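Let's take a walk through this fold together.

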Amino acid sequence: MNIDSIQNGVVLDHIKAGKSMDIYKYLKLDELDCSVAIIKNVRSGRMGKKDIIKIDSPMEVDLDVLGYIDPHITVNIIRDGVRMDKKHLALPQRLVNVIRCKNPRCITVSEPQLDAIFDLNELYGQPVYRCAYCETEEQRKA
């Protein structure tokens, strides 16, 4: 299989195998007016298998969304066919309007115009996000 290199755009690399469609949905890549290549199950010496997304247009990507979905993703910014920047992600400390609270009594349910805010905490050594309003836990889907 041959996927052309891009001249100006973004390459999302080291995506956990099978997570590329989640990223496609969260970043609303279907609304872009450019080529988007999703390459699934690429062999990787470090990861075994990985996914890659190539976006053939310069754009700002929401690093919080990417870090929430998969904190091991690397974001490569390409200009004139050369990688100009490489960003390594981590779990964001705060998520705003990335996920919604599942507690039916949470104020964000009755007042949907409020931002859905979740803060990163630890529970039994595992990262967990808690609603800033009602403390309801949201387990990340690893």
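How many bridges join β1 and strand β4, and in which sense do the two strands pair? They pair in the antiparallel sense, over five bridges, with β4 covering residues 74-79. Strands here are DSSP runs of E of at least two residues, helices are runs of H or I of at least four residues, and both are numbered from the N terminus. Two strands count as paired if DSSP finds at least two bridges between them.

Before going further, a word on what you're looking at. This is a predicted model, in which local features need pLDDT of at least 70 and side-chain atom pairs count only at pLDDT 80 or more, while totals for chains, interfaces and linings use all residues. Residues are numbered from 1 along each chain as its sequence is written, and side-chain values use heavy atoms, with hydrogens and water left out.

Back to β1. If you look for the bridge partner of V11 in β4, you'll land on N76. β1 also pairs with strand β3 (residues 48-55), again in the antiparallel sense and over five bridges. On that side, K16 has K50 of β3 as its bridge partner. Seven of the eight residues of β1 (residues 9-16) are buried, so the strand is largely enclosed by the rest of the structure. Buried means under 20% relative accessible area, exposed means over 50%, and partly exposed is in between (1.4 Å probe, protein chains only).

Now zoom out. The chain has three helices and nine strands, and from the N terminus on they run β-α-β-β-α-β-β-β-α-β-β-β. The C-alpha atoms fill a box of roughly 50 × 35 × 25 Å, taken along the principal axes. Of the 142 residues, 38% count as buried. Take the contacts (heavy atoms within 4.5 Å) between residues at least 6 apart in sequence: 53% of them join residues at least 24 apart. The chain exposes about 8,700 Å², and carbon and sulfur atoms supply 46% of that area; the areas come from the Shrake-Rupley method with a 1.4 Å probe, and for residues only the protein chains shown count as cover.

Next, find the open sheet of four strands, which has the order β6-β7-β8-β9 with antiparallel pairing. β6 (94-96) and β9 (137-138) stand at the edges with a single partner strand each, so one side of each is left without a neighbour in the sheet. Three bridges join β6 to strand β7 (residues 117-123), and L95 stands opposite F118 in β7. As a reminder for reading any such sheet, side chains in a regular strand alternate between the two faces.

Which aromatic residues pair up? A search of the whole structure finds one aromatic pair. The rings of Y68 and Y129 have their centres 5.6 Å apart and their planes at 70°, so this pair is edge-to-face. The pair links distant parts of the chain, with Y68 in helix α2 (residues 63-69) and Y129 in strand β8 (residues 126-131), 61 residues apart. For the cut-offs, rings of Phe, Tyr and Trp (its six-membered ring) pair if their centres lie within 6.5 Å; planes under 30 degrees apart count as stacked, over 60 as edge-to-face, and the rest as tilted. Y68 counts as buried at 6% relative accessibility, and Y129 does too, at 0%.

Let's finish with some loop residues. N97 lies in the loop between β6 and α3 (107-110), and its phi is near 60°, a positive value in a residue other than glycine. At 41% relative accessibility, N97 counts as partly exposed. L114 sits in the loop between α3 and β7 and is partly exposed as well, at 29%. Leaving aside neighbours within four places in sequence, L114 is in contact with N97, R100, I107, T108 and Y133. The C-alpha atoms of L114 and N97 are separated by 9.1 Å, and the two residues are 17 apart along the chain.
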